[in-house]
Amino acid sequence: MTAADLTAATDDHHDEHHHGPFIAHHFDTPMQQFDSGKLGIWLFLTTEILFFSGLFCAYTLYRYHHPEIFVDASEFLDKILGGANTIVLLFSSLTMAWAVRAAQLGQNKLAGRLILVTMVCAALFLGIKAVEYSHKWDLNIWVISKYNFNADFVPPAPEGAVARALGISQWLVNLSIIPAILFSGFLIGGFVYRGMGNKVVSSFFFGLAIMMSGYFLGAIAGQMYQNSIHEHHDAAHTAAHIPLDHGPAQAADAVTRPQAIGIFFSIYYCMTGLHAIHVMAGMAFLSWLYYRSLRLHWRPDYFGPVDYVGLYWHVVDLIWIYLFPLLYLIK
Amino acid sequence: MANHQHSDHHDSESFAHPISVKLLLGVFISLVSLTILTILVNDLSLGQLDIWVALVIATIKASLVCLFFMHMYWEKGVNVVAFFSSLLFITLFIGITLMDTSAYRDSKDAFRNTLDLPVPVVTPPVSSTE
């Protein structure tokens, strides 16, 4: 496998004074190219951390001044779903790091499969996230301007035929429209290219379809879990709020509290939303890596892109490692 | 040319550092264990300590990811310094913001009074949880 790749790649190179097929003309050696890329990606990741730090600053500030709001609001977050997502992301980090190893050894097929598993995990993460978001929207929890929770509030019955038939949140159905379109598109693309006899591109499209199926796996599993705990969950919401509305000592506070919980959720939506956007961007980069793995591009002196995207993916994981305890594990 | 290619090959051996699968799996298992630990510790009520324990565990997890998954253990110093410089600036950013945050309390309360709204009682962190 490795030897065959290398021969194929070396045969490719023309009479340029350079060595590998992928080395840009302004670099002397593959190592110089690799190190430049590495410095570049580390600098980019530094800016990413700084980008998120604004939200962490908002979080610190509000938690420092209003710890009680965070305690109340985190009643609405499910540790099990958050924990499951943490483990999905950690697993995707493992497969990503393993894919880097495979690329370094020139094992293109293994690298491709591991990258595909990483892509599926990314979609699975978003599927579970979609269940969490849609459940909050069912409870009418939005950002501060629209949030007005009270103990008598009954979540509106989900409307729409699918929701009624399956007992799933209508918001989740709405959120799943784009993934469903993508899934069918990728599937059709895979069959069309297979019909044309283009094996690499058809495998690429089928891979993307497998990735999107990860979203539905996460959404269905998450919704099943959500339904199973639904009654217990509702009880918890009520229990969390009765003392707030009836505590005589906090009459003044009760006026401002419901809106103030919205502050937590504004921060929550911004932090997890920005993180989810990074996961989606990661899926796009990973798809590119998957395509190049199918083209057998990786060799011991050329695996930079896998390494760089891997570093980005680990930073996405790093941010979630902090978001999980900060948002879900408040007591 | 043959010579040149040979030297390339030598280069490639020096910059690809494949990590053993065993190490990768070991790091993953530690990360999952730490995740379960942090959820379990959260169920014990440690009061004010909760957040610090959670953050320490998160930092251990982050270090494992950085050191091994991100190859920082074998990384060049300049890249590590570049990356961790972000922490310095975050510390400054959050620290200075926190120092400044009470500075506007008087004018904020004055503004609130003009709106004729009840001034919220600033409750100490623990009392309002019950």
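1. Start in the middle of things: the largest nonpolar core has 101 residues, and those touching the most other members are A:Ala99, A:Ile115, A:Met119, A:Ala122, A:Ala123, A:Phe125 and A:Val306. Helix 5 of chain A (residues 108-138) gives the most to this core, 17 residues. By nonpolar core I mean a set of buried Ala, Val, Leu, Ile, Met, Phe, Trp, Tyr and Cys residues joined through C-beta atoms within 7 Å. Buried stands for 20 or more other C-beta atoms within 10 Å of the residue's own, exposed for 12 or fewer, and partly exposed for what lies in between, with C-beta atoms placed from the backbone.

2. A word on ground rules. This is a predicted model, in which local features need pLDDT of at least 70 and side-chain atom pairs count only at pLDDT 80 or more, while totals for chains, interfaces and linings use all residues. Residues are numbered from 1 along each chain as its sequence is written, with chains lettered from A and ligands numbered from 1 in the order in which they are written.

3. Now the overall make-up. Chain A has 12 helices and 0 strands, and chain B has 5 helices and 0 strands; helices (H or I, at least four residues) and strands (E, at least two) are DSSP runs, numbered from the N terminus. In chain A, 43% of the 331 residues are buried; in chain B, 19% of the 130 residues are. Of the chain A contacts between residues at least 6 apart in sequence, 79% join residues at least 24 apart. Contact here is a matter of C-beta atoms, placed from the backbone, lying within 7 Å of each other.

4. Back to A:Ala99 for a moment. Neighbours within four places in sequence aside, A:Ala99 is in contact with A:Ala111, A:Leu114, A:Ile115, A:Thr118, A:Val306 and A:Gly310.

5. Helix 4 of chain A (79-104) is mostly covered, with 20 of its 26 residues buried. The end C-alpha atoms of this helix are 37 Å apart, which agrees with the 38 Å that its 26 residues should span at 1.5 Å a residue. The expected span is 1.5 Å times one less than the number of residues. After helix 4 of chain A comes A:Gly106, with a positive phi near 75 degrees.

6. On the chain B side, look at helix 2 (residues 21-43): 23 residues, reaching 34 Å from first C-alpha to last, close to the expected 33 Å. Its buried residues are B:Leu24, B:Val27, B:Phe28, B:Leu31, B:Thr35, B:Thr38, B:Ile39 and B:Asn42. What covers them includes helix 4 and helix 12 (304-328) of chain A, together with helix 3 (49-69) of chain B.

7. How do helix 4 of chain A and helix 2 of chain B cross? Their axes come within 10 Å, at roughly 170 degrees, so the two are roughly antiparallel. The contact joins A:Lys79, A:Gly83, A:Thr86, A:Ile87, A:Leu90, A:Leu94, A:Ala97 and A:Trp98 to B:Val21, B:Leu24, B:Phe28, B:Leu31, B:Val32, B:Thr35 and B:Ile39. Ala, Val, Leu, Ile, Met, Phe, Trp, Tyr, Cys and Pro count as nonpolar, Asp, Glu, Lys and Arg as charged, and the others, Gly among them, as polar. Axes are lines fitted to C-alpha atoms, for helices over the stretch in contact, with angles from 0 to 180 degrees between N-to-C directions. Angles over 145 degrees count as roughly antiparallel, under 35 as roughly parallel, 65 to 115 as roughly perpendicular and the rest as oblique.

8. B:Thr35 is worth a click. This residue of helix 2 of chain B counts as buried because it has 22 C-beta neighbours inside 10 Å. Beyond four places in sequence, B:Thr35 is in contact with A:Gly83, A:Thr86, A:Ile87 and A:Leu90.

9. Residues meeting here include A:Leu318, A:Ile321 and A:Tyr322 from helix 12 of chain A, and B:Ala58, B:Ala62 and B:Val65 from helix 3 of chain B. The contact has 10 nonpolar, 1 polar and 2 charged residues.

10. Finally, the whole interface. Chain A puts in 51 residues and chain B 49. On the chain B side, helix 1 (2-15), helix 2, helix 3 and helix 4 (77-100) give two or more residues each, and helix 4 of chain B has the largest share, 12 residues. That side divides into 29 nonpolar, 16 polar and 4 charged residues.

Key. Contact = placed C-beta atoms within 7 Å.
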